[in-house]
Amino acid sequence: MSQYAGKTVVISGGAEGIGFGIARAMGKQGMNVVLGDIDARQLEISRTTLVNEGINVLTVTMDVTDLSQWENLANKAVERFGKVHMLVNNAGVGSMPGNIEHTDEKDWRWVLDVNLMGVIYGTQTMVPLMKQHGEGGWLINVASMAGMVGVPSAGAYTATKVAVVGMSESWYAELKPHNIQVSVLCPAFVKTRINLSTRNKPEALKSEREKNTKSMNNSPMAKHMQSVIDNGLSPDVVGERVVEAINNKELYIFTHPNYRKVLQKRFKNIDDAFARSESSPLLASVLDEEVALYSK
Ligand SMILES: NC(=O)c1ccc[n+]([C@@H]2O[C@H](COP(=O)([O-])OP(=O)(O)OC[C@H]3O[C@@H](n4cnc5c(N)ncnc54)[C@H](O)[C@@H]3O)[C@@H](O)[C@H]2O)c1
């Protein structure tokens, strides 16, 4: 029997895309699935699909940017299934493609609130429940390849995903004594509706540039993004890959091994920069100092 059978997973943004792929994969393992999502209509479609596949499902309409809605989700999950064993902080939005001058405060605020505060609120709400029952658990944060290497014209998105990778590394060490296993999923392109993220953006947060969506969707950058996403990995494969990786207790979950060379180049650049600092006469006094920061 699967180690996950009979346990409960909460997935934010689980109504479609990668979140739904993970929901289906964990449901196949026998988990009770709780989907929280801002899109009530899509949630109902997903609930019906999973129920027809024999999976126990609870759906709750919620916005990850609101802590009280996370608390409501937690209460409903516990009321229905008793305990929460796994949290997948998946809900996320793509930022408007744009350079520094063209990314205004509203663009920044929305992406930070959903992709960063959503993960923080989710973790703050669900991890205490896992600590309380003492049976251990799993925390899976969905970052991106953009969490591993900066992406031009996507500063806001990159900022949130780098933060999610960093927080996952912090929490990995912090939650280990509680037998809560932390992983961070870093996909490249997956075939979802991420490029249409503004469908869920509150009107009040829309910038003037964004209100003109027609011309934006026709821009060469938007067309290029659409085509790479259309050719992306299937969310179902990503879901199964998550199961494979958490079975192996992996902290970093990669789905696109072809990007290894991109990271190798980044690490080489960083290592070369360290080597240059080592040879600087200004820094000789710190060379032999004890390293005080924890790292895995
Ligand atoms: N698709 C890709 O190529 C790709 C690559 C790397 C990382 N990711 C990440 O994967 C995660 C899932 O994205 P996806 O590609 O499946 O996109 P998607 O747009 O298909 O799905 C996102 C889901 O999140 C929900 N959502 C959006 N805002 C919300 C909010 N405020 N509160 C609650 N739910 C909300 C949406 O309704 C939707 O169901 C995101 O964190 C994204 O950054 C995606």
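Reader: Where is Lys249 found?
Author: Lys249 sits in the loop between helix 9 (235-247) and strand 7. Keep in mind that this is a predicted model.

Reader: Is Lys249 buried or exposed?
Author: Exposed: its relative accessible area is 58%, and the cut-off for that is over 50%.

Reader: What about the phi of Lys249?
Author: Phi of Lys249 is near 55 degrees, so a positive value in a residue other than glycine. Most residues other than glycine have a negative phi.

Reader: OK, and what is the phi of Ser153?
Author: Ser153 has a positive phi too, about 65 degrees, and it is not a glycine. Ser153 belongs to the loop between strand 5 (137-142) and helix 5, and it is partly exposed at 31% relative accessible area.

Reader: Why does Gln181 count as buried?
Author: Because its relative accessible area is 14%, and buried means under 20%.

Reader: Switching topic: how much space lies in the second largest pocket?
Author: About 350 Å³. It is lined by 17 residues, and the closest to its centre are Met148, Tyr252, Phe254, Leu263 and Phe267.

Reader: Which element gives the most to that lining?
Author: Helix 10, with five residues. Helix 5 (155-175), strand 7 and helix 10 each supply at least two.

Reader: And how does the lining split by class?
Author: Ten nonpolar, four polar and three charged residues.

Reader: Now the ligand. How many residues surround it, and which are the closest?
Author: 30 residues surround the ligand, and the closest are Asp37, Asn90, Tyr157, Val190 and Thr192.

Reader: Which atom of the ligand does Asp63 lie 2.9 Å from?
Author: A nitrogen atom; on the Asp63 side it's a polar side-chain atom. With Arg193, a polar backbone atom is 3.1 Å from an oxygen atom of the ligand. For Ala188, a backbone N or O atom lies 3.4 Å from a ligand oxygen.

Reader: Last one: which residues does His256 touch?
Author: Not counting residues up to four places away in sequence, His256 touches Pro187, Ala188, Phe189, Val190 and Leu233. His256 is in the loop between strand 7 (252-254) and helix 10 (260-278), and it counts as buried at 12% relative accessibility.

Definitions and conventions:
Residues numbered from 1 in each chain as written. Predicted model: local features only at pLDDT ≥ 70, side-chain atom pairs only at ≥ 80, totals over all residues. Heavy atoms only, no water. Helix = DSSP H or I, 4+ residues; strand = E, 2+ residues; numbered from the N terminus. Buried < 20%, exposed > 50% of the residue type's maximum accessible area, 1.4 Å probe, protein only. Contact = heavy atoms within 4.5 Å. 1 Å grid on protein atoms, 1.4 Å probe; cavity = no way out; pocket = protein on both sides within 12 Å on 5 of 7 lines; lining within 4 Å. Points joined across faces, edges and corners; volume = space filled by probe spheres on them. Nonpolar A, V, L, I, M, F, W, Y, C, P; charged D, E, K, R; others polar. Near = heavy atom within 4 Å. Polar contact = N/O pair within 3.5 Å; in protein donor to acceptor, adjacent residues only side chain to side chain.
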